[in-house]
Amino acid sequence: MTKKKKIAAYFRRSTNDNKQTHSLERQRKALDNWLKANPDYELLEEFVFEEMGKSADDCVTRPVFNRLLEIVKSESCPFEGIFCSAIDRWCRGNVLKAESVVFPLVENEIELITPEKVFAW
């Protein structure tokens with residue numbers, strides 16, 4: 001039996017607007033479907049991060065996202081990948097901004113996983 005890769009998940013809803021109430025549900029459903037199709041991965045439930053009312057354009061004011069990146073940078077990061085239902089849930093904007101939110105993953109060999117692709121470094 002092969003060892004399953006342990007992953008975290010990051011879900012983000014851009015606004016607190018009630019019109020987006022199903023956004024987190026859709027993101028969780030994408031994760032559930034992805035895990036069913038990829039049995040070599042296992043979700044660590046205690047590392048499911050949800051952020052409400054935060055734009056991907058501004059990494060500074062995303063405390064949940066920043067806490068996740070701090071875990072990635074720590075020497076005791078318990079997971080090998082992070083699921084995000086779409087790349088725009090992770091980050092948006094220019095290359096310099098993307099570098100600041102992707103480089104910690106690259107440096108610590110943490111996969112960024114979307115339903116379409118696993119970004120492994």
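Biologist: In strand 4, which residue is the bridge partner of Gly81?

Modeller: Strands of a sheet pair through backbone hydrogen bonds, either parallel or antiparallel. In this predicted model, Gly81 has Glu111 of strand 4 as its bridge partner.

Biologist: In which sense do strand 3 and strand 4 pair, parallel or antiparallel?

Modeller: Strand 3 and strand 4 (residues 111–113) are parallel, and 3 bridges join them.

Biologist: Thanks! What is the order of the strands in the open sheet?

Modeller: The order is 2-1-3-4-5, an open sheet of 5 strands with mixed pairing. Strand 2 (41–52) and strand 5 are at the edges with a single partner strand each, so one side of each has no neighbour in the sheet.

Biologist: Let's turn to the rings. How many aromatic pairs does a search of the whole structure find?

Modeller: A pair of aromatic rings is described by the distance of the centres and the angle of the planes. Searching the whole structure gives 8 aromatic pairs. One of them is Tyr10 with Trp90: the centres are 6.0 Å apart and the planes stand at 85°, so this pair is edge-to-face.

Biologist: Where do Tyr10 and Trp90 lie?

Modeller: Tyr10 belongs to strand 1 (residues 5–13) and Trp90 to helix 3 (residues 87–90), so their pair ties together parts 80 residues apart in sequence. Tyr10 is buried, with a relative accessible area of 0%, and Trp90 is buried with a value of 0%.

Biologist: And what about Trp34 and Phe83, how are their planes arranged?

Modeller: Their aromatic pair is tilted, with 45° between the planes and 6.0 Å from centre to centre. Trp34 sits in helix 1 (residues 23–37) and Phe83 in strand 3 (residues 81–83), so to speak distant parts of the chain, 49 residues apart, linked by the pair. Both Trp34 and Phe83 are buried.

Biologist: Now for the surface. Which residues make the nonpolar surface patch of about 270 Å²?

Modeller: Phe103, Val106 and Trp121 make that patch. Trp121 is found in the segment after strand 5 (118–119).

Biologist: What is the relative accessible area of Trp121?

Modeller: Trp121 has a relative accessible area of 40% and is partly exposed.

Notes:
Residues numbered from 1 in each chain as written. Predicted model: local features only at pLDDT ≥ 70, side-chain atom pairs only at ≥ 80, totals over all residues. Heavy atoms only, no water. Phe/Tyr/Trp six-rings, centres within 6.5 Å; stacked < 30°, edge-to-face > 60°. Helix = DSSP H or I, 4+ residues; strand = E, 2+ residues; numbered from the N terminus. Buried < 20%, exposed > 50% of the residue type's maximum accessible area, 1.4 Å probe, protein only. Patch = residues over 30% accessible without salt bridge, like charges linked within 9 Å, V, L, I, M, F, W, Y side chains within 5 Å. Areas by Shrake-Rupley, 256 points an atom, 1.4 Å probe, with all protein chains shown as cover. Salt bridge = Lys/Arg side-chain N within 4 Å of Asp/Glu carboxyl O. Pairing = 2+ DSSP bridges.
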